[in-house]
Amino acid sequence: MRNVCIAGNWKMNMTPSEGAAFAKALAEAVKDATVRVVVAPPFVTIASVVEAVDGSVIEVGAQNMSDQLSGAYTGEVSAPMLKETGVSIVILGHSERRALYGETDAFINRKVKLALEQDLDVILCVGETLEEREAGKLEEVLKRQVVEGLRDISAQSMARIIVAYEPVWAIGTGKTATPDDANSAHAFIRSEIDKLYGKSVAESLIIQYGGSVKPSNVKDLMAMEHIDGALVGGASLSVEQFAPIVRYNV
Ligand code: PGA
């Protein structure tokens, strides 16, 4: 049995006070959770959420970080800053970062390496656009994002990596990949990891599904062999929606 991780990506929502109040209510609602639970607030909201979830099952993540350690990089936030603030895991390569801010596989790979060096776990997001899927390029795109995103990452470090498969056309659209479609993309990703790192790393890798995950579809998704968690956007902003997702198996 692989471990399971359910993460909420708050995107650009929740001020420090809103985030703290929300996180307290969430911590109470998911206190019997049996899976790894992560919330990823915006940078300025991280500290208040870290304080609010102290002593609970909830871990705090970040949605992004700089590819540099320190220096003249206006507007950026470094891995050591996140670490010191109480972050344990960072989402990298989210499709919104790739599409809206031009993040490339090589740039994302620099961040992955830096996060691991600084003792942060990583959720590496991959996924195809609708055009790529319709052009029959699903596997080509996933392979490139996995191979390039993980370039120079050792087998040992893979224990700190989660891959999130998020078909871009399913994010925030209400359209979910069918459990079978998601499962076959996950199986493909696992087979690529097997080629790179061998069976034991591939078998223990957590692969999350992301894209319009809701209380009504989480059980069917989680029942699939290769789906080991969820990366949740919209539904992670409501305790009524996110708690049942986290507690899908309770
Ligand atoms: P969504 O977002 O759940 O709102 O579709 C998922 C994500 O972007 O991680």
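1. A salt bridge here is a side-chain nitrogen of Lys or Arg within 4 Å of a carboxyl oxygen of Asp or Glu. In this predicted model, Asp121 and Arg160 form such a pair, with their closest N and O atoms 2.6 Å apart. The two residues sit 39 residues apart, Asp121 in strand S5 and Arg160 in the loop between helix H7 (138–149) and strand S6 (161–165). Asp121 counts as buried at 12% relative accessibility, whereas Arg160 is partly exposed at 27%.

2. The structure holds 21 salt bridges. Another joins Asp119 and Lys83 (3.6 Å, N to O). Asp119 belongs to the loop between helix H5 (105–117) and strand S5 (121–126) and Lys83 to helix H3 (residues 79–85), so this bridge ties together parts 36 residues apart in sequence. Both partners are partly exposed: Asp119 at 37% and Lys83 at 33%.

3. Lys195 and Glu192 show a local arrangement: both lie in helix H8 (residues 179–197), three residues apart, about one turn of the helix. Their side chains meet at 2.8 Å, N to O. Lys195 is exposed at 62% relative accessibility, but Glu192 is buried at 3%.

4. Around the ligand there are 13 residues, of which Lys11, His94, Glu166, Gly172 and Ser212 come nearest. The shell divides into four nonpolar, seven polar and two charged residues.

5. Ligand oxygen atoms lie 2.7 Å from a polar side-chain atom of Lys11, 2.6 Å from one of Glu166 and 2.8 Å from a polar backbone atom of Gly233. The protein covers 95% of the 280 Å² of accessible area that the ligand has on its own.

Key:
Residues are numbered from 1 along each chain as its sequence is written. This is a predicted model: local features need pLDDT of at least 70, side-chain atom pairs count only at pLDDT 80 or more; totals for chains, interfaces and linings use all residues. Side-chain values use heavy atoms; hydrogens and water are left out. A residue is near a molecule or strand if one of its heavy atoms lies within 4 Å of it. A polar contact is a pair of N or O atoms within 3.5 Å; within protein, one must be able to donate a hydrogen and the other to accept it, and residues adjacent in sequence count only if both atoms are side-chain atoms. Accessible areas come from the Shrake-Rupley method with a 1.4 Å probe; for residues, only the protein chains shown count as cover. Ala, Val, Leu, Ile, Met, Phe, Trp, Tyr, Cys and Pro count as nonpolar, Asp, Glu, Lys and Arg as charged, and the others, Gly among them, as polar. Helices (H or I, at least four residues) and strands (E, at least two) are DSSP runs, numbered from the N terminus. Buried means under 20% relative accessible area, exposed over 50%, partly exposed in between (1.4 Å probe, protein chains only).
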